[in-house]
Amino acid sequence: MYHKLDPPYTAEHVAMLFNLVHSELMGQSMETLLQFLQRSNLSMPRLVSLMYIQRQGVTTVTALSEHLNLALGTTSQMIDQLVQDGLVERREAAHDRRQKQITLTPAGEALVAEARQIRLAEASRHLRQLPPALIEQLGQALSAACREWNLITTS
C-alpha cells in the first residue's frame with residue numbers, strides 16, 4: 001500500500017505536495033515578514049496591494065478592489081493612504097480622465113523588493129537543509145514547469 005502522496009503522481013497529488021512544500025517554506029518566513037510589516041508600518045492587505053500593483057505595472061482602483069475582494073470605497077481609502085505614504089501614485093488615464101491609474105513609486109518598488117527578498121532568503125535558508133542532489137532535482141522540475149507555463153524564457 002502506498003501513501004496518497006507517493007507515485008503515481010497525478011495533478012491533484014502534485015498540487016497537494018506543492019501546497020505542503022509552499023506552506024513549509026512560506027511559514028518559515030512569516031515571523032520575519034510580520035516584523036518587516038511592523039517596521040514598515042504596513043498591513044498585509046497593503047503589502048498584497050503593492051505586490052499586485054508591481055506585477056501589473058499599472059492598475060485601477062476597481063481592478064485592485066476585485067483582486068483583493070474588498071469594497072471599492074475600502075480599496076480607495078487604502079490607495080489614499082498609500083499615496084500619502086509615498087508608495088503609489090494615482091494619475092488620470094490618458095484615454096479617460098475619469099479613470100485613475102495606480103502605479104508604484106520608487107519607494108513602493110523598494111518596499112516590494114525588500115518583502116520579496118525576505119521571503120526568498122528564508123525559503124533559501126530552509127531549502128539549503130536538503131541534500132544538493134534533491135535541490136538539483138527540484139530546480140530542474142520547477143524550471144521545466146515554469147518554461148511550460150511561459151513564466152521564464154529559455155536561453
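The legends below accompany close-up views of a predicted model.

**View 1. Helix α5 and its buried side.** Let's start with α5, which covers residues 106-127 and holds 22 residues. From first C-alpha to last, α5 reaches 31 Å, close to the 32 Å expected at 1.5 Å a residue. Its buried residues are G108, L111, V112, A115, I118, R119, E122, A123 and H126. They lie on the same side of α5, because the arc they cover around the axis is only 120°. A handy reminder when looking along any such element: an α-helix has 3.6 residues a turn, so residues three or four places apart point the same way.

**View 2. What surrounds α5.** Turn to the face away from the buried side of α5, and you will find the exposed residues P106 and L120. The cover over the buried residues of α5 includes α1 (11-40), α2 (44-56) and β3 (100-104).

**View 3. α1 against α5.** Here α1 and α5 pack with their axes 8 Å apart, at an angle of about 145°. The crossing in which α1 passes α5 is right-handed. On the α1 side, the residues taking part are E24, L25, M26, Q28, S29, M30, T32, L33, F36, R39 and S40. Their partners in α5 are L111, E114, A115, I118, R119, E122, A123, R125, H126 and L127.

**View 4. A closer look at S29.** This serine sits in helix α1. S29 counts as buried because its relative accessibility is 0%, under the 20% cut-off. Leaving aside residues up to four places away in sequence, S29 touches R119 and E122, both of which are among the buried residues of α5.

**View 5. α2 crossing α3.** The axes of α2 and α3 (residues 61-68) come within 11 Å and cross at roughly 125°. That angle makes α2 oblique to α3. As it passes α3, α2 makes a right-handed crossing. From α2, the contact involves P45, V48, S49, Y52, I53 and R55, while α3 contributes A63, L64, H67 and L68.

**View 6. Helix α6 and the residue beyond.** Helix α6 takes in residues 132-148, and its 17 residues should span 24 Å at 1.5 Å a residue. The end C-alpha atoms of α6 are 24 Å apart, which agrees. Just after α6, look for N150, whose phi is positive at about 60°.

Methods. Residues are numbered from 1 along each chain as its sequence is written. This is a predicted model: local features need pLDDT of at least 70, side-chain atom pairs count only at pLDDT 80 or more; totals for chains, interfaces and linings use all residues. Side-chain values use heavy atoms; hydrogens and water are left out. Helices (H or I, at least four residues) and strands (E, at least two) are DSSP runs, numbered from the N terminus. The expected span of a helix is 1.5 Å times one less than its number of residues. Buried means under 20% relative accessible area, exposed over 50%, partly exposed in between (1.4 Å probe, protein chains only). The arc is that of the directions from the helix axis to the C-beta atoms. Contact means heavy atoms within 4.5 Å. Axes are lines fitted to C-alpha atoms, for helices over the stretch in contact, and angles run from 0 to 180 degrees between N-to-C directions. Angles under 35 degrees count as roughly parallel, over 145 as roughly antiparallel, 65 to 115 as roughly perpendicular and the rest as oblique. A crossing is left-handed if the near helix is turned anticlockwise from the far one by less than a right angle, and right-handed if clockwise.
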